[in-house]
Amino acid sequence: MSNASSIGIDDGLLAKDTTAKERLHLFQLDGEPIFCRRYGGGHINDTYLIMDDTARTYILQKINTFVFKDPLCVMRNITAVIDSLSHTAQSPRHVLELVQTRDGGLWHVDEANDYWRVYSFITDSVCYQKTDNLSLFYESASTFGAFQKQLADFPVHSLGYTIPGFHDTPTRYRAFREAVNEDRCGRVQGAAREIEFALERETRAGALMERHAEGALPLRVTHNDTKLNNVLFDRRTRKGLCVIDLDTVMPGFSVTDFGDSIRFGASTAAEDEPCIDKVSLSLRLFETYAEGFLSACGAYLEPDEIASLCDGAYTITLENGVRFLTDYLCGDEYYRTAYKEHNLIRCRTQFKLVSDMEKAEDAMQAAIRRAAKK
């Protein structure tokens, strides 16, 4: 993915998105851009893969300002965290690098107040949307755990909240209840079973916030989107290189970062698998991830954090189901969708995992204890 033959240059592609082409000339690329196309499967930002005539590759992004109301906060957080990570990175491939604009900045704001940025593409890297390979999943866990370890002493309160209340599950429930009451898209009746499932679990949904208020869960620098596809791996060795997609880096709980990886990566099916019978929690993948995560950052976590990892997985899975359901009821404003019931399908997969976690809670806790001893 770092040379012309692996991308497949087509000079004509550059002209198909004139806005992206214009923005490229505002950044200090090594050469003239000759290739630009949409890239990746992210739900939020507009992302493009770029190549210049020196065969160097880049990632160009326009920040979604509907989702990120304060893009300046996003960029300030990102630059501060990248700067901190760069001091301990073993090589340049282990941390993202922002390309400077021609006027010396690290992002560009256009006449429409849209924010643009360019990252150097990390050479000979690859990411995966899904895997049942235990060693690869362990590597992803170790990479996210290393992210926690490297930022353990970072002044967390110096970061802003790029999405206020992002993992404040009770607040997510309030938005969900409002969506149900308004029913502005007429979708409540068709989602009655999912709505009932969510409401039955509302009391438990606030457990992490309560523990934080009691002082049991400290705020840490968290990624908040710890899916497998936000880790870059070395193409040859399959070792984890670095964490990407830092837009949601802000103060949060280590256990929700752990939990987000579990709800996405320890599921036996895709996040939007329409056949619910294919969706289940893999305890083998769960324990593998716990081992990798704790091997990297277990010594830096407090005992209450380790004891809350299972609740982190449960809460974040329930919360994501509620978020998908809320967005479905509101007409799919937040997540990109490919068809009318896409968010409802996503909600159902999360709720199936929640049910599995309720049944496997003792086994999950035992797996955490084993992983913590290693």
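Does His-167 count as buried or exposed, and at what relative accessibility? In this predicted model, His-167 counts as buried, because its relative accessibility is 13% (buried means under 20% relative accessible area, exposed over 50%, partly exposed in between, with a 1.4 Å probe and protein chains only). The residue sits in the loop between helix 4 (134-150) and helix 5 (169-182); helices here are DSSP runs of H or I with at least four residues, strands are runs of E with at least two, and both are numbered from the N terminus. Neighbours within four places in sequence aside, His-167 is in contact with Met-209, Asn-224, Thr-256, Ile-316, Glu-319 and Arg-323, contact meaning heavy atoms within 4.5 Å.

A few ground rules apply. The model is predicted, so local features need pLDDT of at least 70 and side-chain atom pairs count only at pLDDT 80 or more, while totals for chains, interfaces and linings use all residues. Residues are numbered from 1 along each chain as its sequence is written, and side-chain values use heavy atoms, with hydrogens and water left out.

Helix 6 (residues 192-200) has Glu-194, Ile-195, Phe-197 and Ala-198 as its buried residues. Looking down the axis of helix 6, these residues fall within an arc of 160°, so they line one face of the helix; the arc is that of the directions from the helix axis to the C-beta atoms. Over on the other side of helix 6, Arg-193 and Glu-200 are exposed. The cover for the buried residues of helix 6 includes helix 5, helix 7 (202-205), helix 12 (309-329) and helix 13 (342-359).

Turning to the strands, five of them make an open sheet in the order 1-2-3-5-4, with antiparallel pairing (two strands pair if DSSP finds at least two bridges between them). Strand 1 (33-38) and strand 4 (108-109) are at the edges with a single partner strand each, so one side of each is left without a neighbour in the sheet. Six bridges hold the antiparallel pair of strand 2 (residues 46-52) and strand 3 (residues 57-62), where Asp-46 stands opposite Lys-62.

Then there is strand 8 (residues 231-234), covered on both faces: Val-231 and Phe-233 are buried on one side, Leu-232 and Asp-234 on the other. Strand 6 (residues 125-126) joins strand 8 through two bridges, running antiparallel, and Val-126 has Phe-233 as its bridge partner. Strand 8 also pairs with strand 9 (residues 240-243), again antiparallel, over three bridges, with Val-243 as the bridge partner of Val-231. Strands 8 and 9 form a hairpin with five residues between them, and Arg-238 in the turn has a positive phi of about 65°.
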